[in-house]
Amino acid sequence: MIPGDGIGPEVTQAVVRILDATGVKFEWERYAAGAEAFELHGEYIPAALYESIARNRVALKGPVTTPIGGGFKSINVALRKKFDLYANFRPIRNLPGLETKWPGVNLIVVRENTEGEYVGLEHEVVPGVVESIKVVSEKGSTRIARFAFEYARKHGRKKIHSIHKANIMKLSDGLFLRCARQVADEFPDIVYGEHIIDNTCMQLVMNPYQYDVLLLENLYGDIVSDLCAGLVGGLGLAPGANLGADCAIFEAVHGSAPDIAGKDFANPTSLLLSAILMLRHLDEQAAADKAEKALETVYAGRKALTRDVGGTAGTSQFADAVLAAMG
Ligand code: NAI
């Protein structure tokens, strides 16, 4: 467990209370990361945290602040790289009782999580000129495409779109597309399409129903998954999982929200839905169903909702309502 900072400790505390009530017995190993860990241990990611994730092979993570334009590099990106968590999986769907422009959205965003612009290779060539390197590999592109297609087949999804900018990024996005097409050939039961990223943003806002599974490189996936979160009510509602061959880290799509931190305003739904993905990953299906049903009951009744979705409840009050709905 990485509670994180900003709203992290508030939302993780709410989620842990709900997880404990599912009947699954958790033993949490808690670690600080980022600025807080540096103050405590002189390291942004303590060695003991790496060791704990490697040993337990599953982690639940709150958001961690990354300084903008300088300072230490993203803890999130570092953990994804260290454990080769190449698949970022973000299901997007409406919750009952929440009015949004588009009801019944049910999308999966599959984002490559280790390559692209996020390899962190930036340098100043001469003063006033900065070079940033985007890395796309055949191995990385093929394995994320395969993840998307295997997921689609296993879960009855019908359509996958690769989202790209290969008209401009001819080599890098071109390679990504070539790999996706090769994998698509192995899955004739799944309809495969390709859309350019800028058009996709417009299409998603105009008619999200035309998509089923979106397959994207790292940066595009980062941006489009926030857009998709907006379709179903905002960042407080969208869960995420970082999956690799050996380990998995479950975390909310949103960040540390410094504007509302410490005010008991944060919506823990995104982290709770991420924790429900974690329960399913651990094959604790009954516990996952129990928590999910209680969450949906709270939304359907519009009881104790947080401010971001039109309610007045605090983080802990929302958690109390979910616990009450679990019986
Ligand atoms: P953010 O996601 O923290 O906040 C964006 C907006 O959404 C804010 O208005 C915030 O109040 C609202 N919001 C976010 N989560 C919410 C929740 N659970 N309930 C209610 N409202 C919520 O994005 P921002 O401000 O761009 O980033 C803040 C920090 O978080 C940065 O340092 C960034 O690097 C970091 N970050 C960390 C992530 C992670 O740990 N996985 C992911 C994204 C950003």
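**Salt bridges and the domain contact**

Reply: The count of salt bridges comes to 19, a salt bridge being a side-chain nitrogen of Lys or Arg within 4 Å of a carboxyl oxygen of Asp or Glu. This is a predicted model, in which local features need pLDDT of at least 70 and side-chain atom pairs count only at pLDDT 80 or more, while totals for chains, interfaces and linings use all residues. Residues are numbered from 1 along each chain as its sequence is written, and side-chain values use heavy atoms, with hydrogens and water left out.

One of these salt bridges joins D84 to R143, with the closest N and O atoms 2.7 Å apart. The pair links distant parts of the chain, 59 residues apart: D84 lies in the loop between α4 and β2, and R143 in helix α5 (residues 138-154). Helices (H or I, at least four residues) and strands (E, at least two) are DSSP runs numbered from the N terminus.

The domain assignment gives domain 1 as 1-89 + 235-327 and domain 2 as 101-231; such bounds come from an automatic or database domain assignment. The contact between them takes 15 residues from domain 1 and 16 residues from domain 2, where contact means heavy atoms within 4.5 Å. The C-alpha centres of the two domains lie 24 Å apart.

About 1400 Å² is buried between domain 1 and domain 2, and carbon and sulfur atoms give 57% of that area. Buried area is the accessible area (1.4 Å probe) that two parts lose on being put together, summed over both. Of the area that domain 1 buries against domain 2, Y86, N88 and F89 supply 45%, more than any other three residues.

Between domain 1 and domain 2 the count is one salt bridge. Eight residue pairs are in polar contact between the domains, both residues at pLDDT 80 or more. A polar contact is a pair of N or O atoms within 3.5 Å; within protein, one must be able to donate a hydrogen and the other to accept it, and residues adjacent in sequence count only if both atoms are side-chain atoms.

On the side of domain 1 that touches domain 2, α4 (75-82), β2 (87-93) and β9 (239-243) each supply at least two residues. The residues of that side divide into nine nonpolar, two polar and four charged. Here Ala, Val, Leu, Ile, Met, Phe, Trp, Tyr, Cys and Pro count as nonpolar, Asp, Glu, Lys and Arg as charged, and the others, Gly among them, as polar.
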